[in-house]
Amino acid sequence: MKIGLFIKYEVVDKSFEESIKKKIMSFGYSIDNSNPDYVFSFGGDGTFLKAVQKYLSQLDHVKFVCVNKGKLGFFCDFKEEELDEILSNLDGDKYSLSSYRLLTARINNEDIFAVNEVRIENPFHTLTSEVLVNDSELETFRGNGLVVCSAIGSSAYNKSLGGALLDSALEVMQIKEIAPISNCLYTSLINPLVVPSTSKITFKGNFKEVVLGYDHLTKKELSTSEITISLSDKKVKIVSKKDRDYIKKINSSFLSRR
Ligand code: NAP
């Protein structure tokens, strides 16, 4: 079994990587960052998102184990102290494997993929965009931006915008407006809209000044006037605890003091 390491170096000291490698090898596994079976990410959700982008072309066989190193860690079911237990049980049925479909969009002749959300934003000038769902016109949006999040991404940027939290068991997308203009001249939906997994969400407009964000990544100077977002067949597989409970995770992440 080959294990790759993806570490947020800002939260560990120099000896950390060597001690983790030693531990992994003591369980009979090899370290392979190029073609791993498992990727252990050490950090938080941000670290995990970066790890997913690094192994995008290998998602069909790579499984992620997200170990929290003092971050929020919504995706991270494991603490460093549990590493021996994880390594002893990697092959067994002690843990569950959860698969989540990534969001996808085609931008500048490139397919981009995101775990949390795909968004378009212009905080300085009014962004105007037609919004269509399955080619049916929803609205002409005016405001700072539009976000399309997945269920597992609903607790990230979408939450800060007042979007609904979507249980990770749901295979849906949510459209959330950012600072919509709504007055006697222009109307905006304002409420978040949740659509089924089969939906195709299209934004149409002049996106020259718009920044497209997807997870921690951005693209500028978009040479397109149409962006279509949907759920991809690409899935990310995360090793999780069998007793993982979405409501408990919401409570411990957002409502309890650490
Ligand atoms: P980042 O610093 O890596 O992440 C910002 C915060 O969002 C961190 O606390 C991170 O948790 C948390 N986070 C990420 N995904 C999450 C999820 N699915 N559920 C709950 N919390 C989550 O920021 P970045 O590199 O710029 O962007 C990565 C992601 O962060 C984006 O996809 C976006 O959703 C989110 N973000 C949110 C805001 C906001 O809420 N205003 C602003 C910027 C970015 P950890 O501490 O565990 O890393």
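**Note on the fold and packing of the chain**

1. The chain's secondary structure amounts to five helices and 16 strands, counted as DSSP runs (helices H or I of at least four residues, strands E of at least two). Because its radius of gyration of 20 Å is close to the 18 Å that the globule rule gives for 258 residues, the chain is as compact as a globular protein of that length; the radius is taken over C-alpha atoms, and the rule is 2.2 Å times the number of residues to the power 0.38.

2. This is a predicted model, in which local features need pLDDT of at least 70 and side-chain atom pairs count only at pLDDT 80 or more, whereas totals for chains, interfaces and linings use all residues. Residues are numbered from 1 along each chain as its sequence is written, and side-chain values use heavy atoms, with hydrogens and water left out.

3. Of the 258 residues, 49% are buried, meaning under 20% relative accessible area with a 1.4 Å probe and protein chains only. Among contacts (heavy atoms within 4.5 Å) between residues at least 6 apart in sequence, 69% join residues at least 24 apart.

4. Beyond its neighbours within four places in sequence, Phe 203 contacts residues including Ile 120, Val 131, Leu 146, Val 148 and Ile 227.

Conventions. Buried < 20%, exposed > 50% of the residue type's maximum accessible area, 1.4 Å probe, protein only.
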